[in-house]
Amino acid sequence: MPTEADLNLLFALNALLSEGSVAKAAERLGLSESAMSRALARLRESTGDQLLVRAGRAMVLTPHALALRDRVRELVQASRAVLQPAGASMDPRTLRHLFTIRANDGFIEGFAPRLVARAAHEAPGVRLRFAPKPDKDVRPLREGLLDLDIGVLGESGPEVRVQALFRDRFIAVVREGHPLLLAGSEITAERYAACDHVVTSRHGRTVGPVDDALAAMGLVRNTAVVVPSFSTALSIAAATDLVALIPSSYFEHLRARGTLRSFLLPMPTEQITVSQMWHPRLDRDPAHQWLRGMVLEVCRPLNERTRAP
């Protein structure tokens with residue numbers, strides 16, 4: 001049987017191989033950088049390999065470390081399962097863990113404050129790290145770099161677990177006093193399309209489902225500006241006559257500002273389903289089960305508000 005020290009080294013090795021950085025591995029395990037450096041020195045002595053070597057300003061894994069990474073990750077997951085008594089319930093107040101959640105800026109800005117507050121109340125030893133979502137690649141889940149991936153489901157593959165959190169829809173947002181809001185004037189698809197628009201796209205795309213819906217009606221809108229974030233789109237809409245396209249869930253937490261108005265799109269568009277995704281190796285992990293349950297509970301009130309079509 002491995003000693004407690006050996007098991008701690010295994011967890012340290014997993015963090016180092018997953019993060020590729022002494023500083024990030026230390027943060028992941030809640031250790032100081034000096035403590036993680038000492039652990040790396042012991043691991044180098046035990047394995048007879050440097051594991052991480054300097055490459056410019058960064059650190060890179062050696063070939064031996066790359067070969068070990070998947071095996072070490074599996075061993076860590078297995079050890080957690082073995083050391084968890086069968087049928088035992090976990091007390092979140094005793095949990096000490098850093099969870100990494102990947103999501104787009106709209107979800108992070110809208111939900112991170114509530115998730116952080118809930119975690120602080122239920123599990124004060126838990127830290128949440130929110131990572132940006134540049135794409136829908138599931139490899140970070142498969143490689144253990146993420147605990148949860150939140151967003152609209154892409155091509156996940158059969159090994160990824162998926163749970164729907166809530167249904168959302170895109171709405172239009174304009175400044176107070178915008179010409180579209182003139183009293184007694186209906187906001188038609190024609191009037192909407194005639195405006196200039198600011199759209200959000202991580203990849204710089206100028207068209208999307210709204211343009212398809214307008215095209216079916218013989219209409220085309222002018223995309224005047226493309227930005228990478230919803231917050232930037234709203235800032236532009238607040239200062240100009242451009243119309244922004246924003247998820248309803250994101251706009252919920254902005255209503256107190258009083259400088260923006262939203263309205264439903266004047267053409268039929270499909271709702272989207274926002275889900276949380278994880279790797280099946282975490283299915284029975286009590287800490288991960290608590291995390292998934294917390295995310296689901298925080299999102300549930302919104303799900304109830306948007307249930308109607």
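Thr 94 lies in the loop between α4 (63-83) and β3, where helices (H or I, at least four residues) and strands (E, at least two) are DSSP runs numbered from the N terminus. The model is a predicted one, in which local features need pLDDT of at least 70 and side-chain atom pairs count only at pLDDT 80 or more, whereas totals for chains, interfaces and linings use all residues. Residues are numbered from 1 along each chain as its sequence is written, and side-chain values use heavy atoms, with hydrogens and water left out.

Thr 94 is exposed, its relative accessible area being 55%; buried means under 20%, exposed over 50% and partly exposed in between, with a 1.4 Å probe and protein chains only. Its side chain reaches the backbone oxygen of Asp 91 at 2.8 Å. This is a polar contact, defined as a pair of N or O atoms within 3.5 Å; within protein, one must be able to donate a hydrogen and the other to accept it, and residues adjacent in sequence count only if both atoms are side-chain atoms. Thr 94 and Ala 123 are 29 residues apart along the chain, and their C-alpha atoms are separated by 7.1 Å.

Strand β3 (residues 97-102) is joined to β4 by six bridges, and the two run parallel. Arg 102 stands opposite Ala 131 in β4. Both strands belong to an open sheet of five strands with mixed pairing, in the order β4-β3-β5-β12-β6; two strands pair if DSSP finds at least two bridges between them. At the edges are β4 (126-131) and β6 (161-168), each of which pairs on one side only. From one strand to the next the twist averages 20°. Axes are lines fitted to C-alpha atoms, for helices over the stretch in contact, and angles run from 0 to 180 degrees between N-to-C directions.

Helix α2 (residues 22-29) packs on this sheet and touches β3 and β4, its direction making about 135° with that of β4; contact means heavy atoms within 4.5 Å. The buried residues of α2 are Val 22, Ala 25 and Ala 26. Seen down the axis of α2, these residues fall within an arc of 100°, so they line one face of the helix; the arc is that of the directions from the helix axis to the C-beta atoms. At the start of α2, a side-chain oxygen of Ser 21 comes to within 3.3 Å of the backbone nitrogen of Ala 23. Helix α5 (residues 105-122) lies across β4, β5 (148-152) and β6, and runs at about 175° to β4.

Another open sheet has five strands in the order β9-β8-β10-β7-β11, also with mixed pairing. Its edge strands, β9 (222-227) and β11 (260-264), each pair on one side only. Neighbouring strands here are turned by 35° against each other on average, direction ignored. Strand β8 (residues 196-200) runs parallel to β9 and is joined to it by five bridges. Val 227 in β9 is the bridge partner of Thr 200. Helix α9 (residues 230-239) packs on the sheet, touching β7 (170-175), β8, β9, β10 (243-247) and β11, and its direction makes about 145° with that of β10.

Overall, the protein has eleven helices and twelve strands. Of its 309 residues, 43% are buried. Among contacts with a separation of 6 or more, 73% are between residues 24 or more positions apart.
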